[in-house]
Every structure is written in structure tokens, then in C-alpha cells.
Amino acid sequence: MRLDKFMVSTGKLSRSEAGRAARSGRITVNGVPEKKADRAIDPKVDQIALDGEVLTYRRYTYVLLNKPDGYVSATEDTDDPTVITLLPDELQRIGLFPCGRLDKHTLGLMLLTNDGPLSHRLLSPRRHVSKQYFYTSKFPLTADEIATLQGGVTLEDGYVTLPAVIEQGEGEAQGTITLTEGKYHQIKRMFEAVHNKILTLERITFAHLTLDGLPERGMWRYLTDTEIERLRAHGQSGDSHIT
Ligand code: URA
């Protein structure tokens, strides 16, 4: 691959910046300054450094974000800030997008990646990847309403939801709901179907990923190699992951 393309993939420099950095001697290949940004390198063999910092090649990048209120799950928006703007500059240039949407006022766990094929598989309704949310609602759910929502409820457009799991303390207007699908405004619409209203929503898991290590809204971190491997395994399986 070309040296400048490698630099772009790391998120450190744009292609034109890579050209300038090379010409001014900031880039080394195997310890030797390289002036030609269009030269071929092998990312598996060659050691590339920028200003002395050795860079690792990643075909795809996976980032976990604790989404704050008021940000939209999109790469661009004319009215509101997007979740992408919460990331450092170099991560804003490598084509990351949200793997699944959260509403503007929903908080919590969001996976961002530029791995289109994996994202597509994880969001496929056939994979049944589970997502757990903490909710607060206007009224506590009754035992009958919990049974209805868990078994599959008919939404206002006629869609019947897949089985879900709800855990709510008796008489409490809050709890957790676990889904294996992600229709538009799904949880809000499910609660409306039983004449209730969602007040707040926070996603706390996506597949096996949790908010551990991201205690504050707006914090982000890279997925570990083990987490990426497990996500790929989820993406290959067709089984339900609600347990
Ligand atoms: N269900 C909703 O209604 N909103 C979300 O953001 C996620 C699930």
C-alpha cells in the first residue's frame, strides 16, 4: 500500500498532510526518513513512524462511546452536533459511523466503526444481537403489561415486536429492557402501546460490550482485540443472545 494511504488509515494525517510531512522529513520507514509519500510500503513488515512515534496499521477502527444527551447518531447533521464530533480530529477523518442509532436524547453505549460489513451483520435482524437499556417511565408497568411487552406487542404501525426481557422492581417506574432488534423509536413505541411513556433511556450493553471504563458521558475508548474478536463471532452467529 502507499505510504500516504497508510498515514490516512491511522487517522494521524490527511493525504496532503502526509505529503508535506514526508517532504519535511517527519516520516521514517524502518528508521530511515522517507520523502516520497507515494512510495509502496508493507504495513505488516515495515515499521512506519511519524515524529518518532511508531504507528500501527488498522484496517478498521472500533470505538466505544458513552453518548451524552443532545448528540445525534449520524455522521453529519445541519441542526445538532453529531456523536462523531466527540472524537479527536484524527478519528473524525477515517470514516467512522455509528453502528445502530440512538435517539438524540438517549444516553449511553454506542459503537462507532468504519467496518461496514461487520456493522451490517451486527445490525441484521437475523443476528438477534442483544441491547439492554435502562429506562424510566411515567408509570410503573403492571405484571400484565410486562408480559405483553415481553411476549411481543403490536406497535401503532401493526409491527409485532420480537420477545424482549424486562426487569422492573414492583411498583417502580424504572428498570431494564433487553431487545434483540432495533426498530425506529422502538422502546418508546412499545411503551406507548401499553399507554405508558418513556421519560429517559440509556443503553447499557450492546452484545457483550458494556460501559465499563467509560464512567462519564462523552468518554470514548478503543475496543480491545478480544472485544473485536467476540463481536466478529456475534456477527457470524444466527442465534439469539438474550439469556
Ligand atoms: N428505543 C428508542 O425508543 N430509542 C432509542 O434511542 C433506542 C431504542
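**Around the ligand**

Author: Happy to! Let's start with helix 5, which spans residues 186–193 and gives the most to the shell around the ligand, with three residues. Bear in mind that this is a predicted model; the chain has a mean pLDDT of 93, and 97% of its residues reach 70 or more.

The residues surrounding the ligand are L102, D103, T106, Y133, H185, Q186, I187, K188 and L201. On D103, a polar side-chain atom lies 2.7 Å from a nitrogen atom of the ligand. I187 takes part through its backbone, where a polar atom is 3.2 Å from a ligand nitrogen atom. Q186 also uses a backbone N or O atom, which lies 3.5 Å from an oxygen atom of the ligand. On its own, the ligand has 230 Å² of accessible area, and the protein covers 95% of that. As for where the ligand sits, it is in the largest pocket.

One caution concerns another stretch: over residues 238–243, pLDDT stays under 50. Where pLDDT is low, the predicted coordinates should not be read in detail. For residues 238–243 the model has 19 contacts beyond four places in sequence.

Terms used. Residues are numbered from 1 along each chain as its sequence is written. This is a predicted model: local features need pLDDT of at least 70, side-chain atom pairs count only at pLDDT 80 or more; totals for chains, interfaces and linings use all residues. Side-chain values use heavy atoms; hydrogens and water are left out. pLDDT is the predictor's confidence in each residue, from 0 to 100. Contact means heavy atoms within 4.5 Å. A residue is near a molecule or strand if one of its heavy atoms lies within 4 Å of it. A polar contact is a pair of N or O atoms within 3.5 Å; within protein, one must be able to donate a hydrogen and the other to accept it, and residues adjacent in sequence count only if both atoms are side-chain atoms. Accessible areas come from the Shrake-Rupley method with a 1.4 Å probe; for residues, only the protein chains shown count as cover. On a 1 Å grid over the protein atoms alone, a cavity is a set of points where a 1.4 Å probe fits but cannot get out, and a pocket is an open set with protein on both sides within 12 Å along at least five of seven lines; lining residues have an atom within 4 Å of a point. A molecule sits in a cavity or pocket if more than half of its atoms lie within 2 Å of its grid points. Helices (H or I, at least four residues) and strands (E, at least two) are DSSP runs, numbered from the N terminus.
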